[in-house]
Amino acid sequence: AGLSHDLRTPLARLRLAVEMQVEDAHEREAMIRDMDDMDTLSRQFAEFARSEAETARQVDLDALCHELAASFAVRKLSVAVRGTLGSAAVPAHGLRRSLANLLENAHRHGQPPVELELARTADAIRITVVDHGAGITEAELETAKRPFWRGNAARTGARGTGLGLAIAERYARQAGGSLTLSNRNPGLAACLSLPLASPACPAPPPPQP
């Protein structure tokens, strides 16, 4: 985790130097992509090293999802948001990190369009990241969530740490929910389901003096 953290500053300096000094646009973009990959790998190792559970707090889930989509749009990676969730008490930082990892996986290993499907029931919220790529075999739907799993080269290539799904799956378990993978034909769907807090019970009457 310490090494991952220490790599962030030199990577930022290198990116700035490349943007300012590399004149060839194709070469510049290729170098920036490589540094983005290195930054993602560094961040995922640091996230996986963390083990503490996060306290839930009230958050606007629709705003969170649209902010994530906008952060990918800056990188020219489109994410469509379908549906609404409203607000709920969730471990917000972990949710943002987990969804970012799932979206990164969808863009890196799947095919566009990439979508965030939002759904809410009486007792849970469900956020599903969907791509339109080749998917994975049915036998791999559970093993894909194990740390450092790389899978079929036709889908994953040689890039990535194999930690994105493991981080999201651990977050879901710590929050009392689940991460479920399924094939959409075409594409892979990663559904993050989190329980909602039970409706508040009436306060008991104060004790009689």
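Which residues of helix 1 are buried? They are Ser4, Leu11 and Val18, where buried means under 20% relative accessible area, exposed over 50%, and partly exposed in between, with a 1.4 Å probe and protein chains only. Helices (H or I, at least four residues) and strands (E, at least two) are DSSP runs, numbered from the N terminus.

Before I continue, please note that this is a predicted model, in which local features need pLDDT of at least 70, side-chain atom pairs count only at pLDDT 80 or more, and totals for chains, interfaces and linings use all residues. Residues are numbered from 1 along each chain as its sequence is written, and side-chain values use heavy atoms, with hydrogens and water left out.

Let me stay with helix 1. This helix covers residues 2–21, has 20 residues and reaches 30 Å from its first C-alpha to its last. That is close to the 28 Å expected at 1.5 Å a residue, the expected span being 1.5 Å times one less than the number of residues. Within helix 1, Arg15 and Glu19 lie 4 residues apart, about one turn of the helix. Their side chains meet in a salt bridge at 3.1 Å, N to O; the term denotes a side-chain nitrogen of Lys or Arg within 4 Å of a carboxyl oxygen of Asp or Glu. Arg15 is partly exposed at 30% relative accessible area, and Glu19 is partly exposed at 39%. Both belong to a network of salt bridges that also links Asp36.

Strand 4 (residues 114–120) pairs with strand 5 (residues 124–130) in the antiparallel sense over 6 bridges, and Arg120 stands opposite Ile125 in strand 5.

His107 is placed in helix 4 (residues 92–109). Leaving aside neighbours within four places in sequence, His107 is in contact with Phe72, Leu77, Ser78, Val79 and Val114, contact meaning heavy atoms within 4.5 Å. A polar atom of the His107 side chain lies 3.1 Å from the backbone oxygen of Ser78.

Finally, the loops. Most residues other than glycine have a negative phi, and most peptide bonds are trans. The loop between strand 6 and strand 7 holds Asn185 and Pro186. A cis peptide bond joins Asn185 and Pro186, with omega about 5 degrees. Asn185 has a positive phi near 55 degrees and is exposed at 73%. In that loop lies Arg184, whereas Glu117 is in strand 4, so the pair ties together parts that are 67 residues apart in sequence. Their side chains meet in a salt bridge at 3.0 Å, N to O. The bond from Pro112 to Pro113 is also cis, with omega near 0 degrees, and Pro113 sits in the loop between helix 4 and strand 4.

Key. Polar contact = N/O pair within 3.5 Å; in protein donor to acceptor, adjacent residues only side chain to side chain. Pairing = 2+ DSSP bridges.
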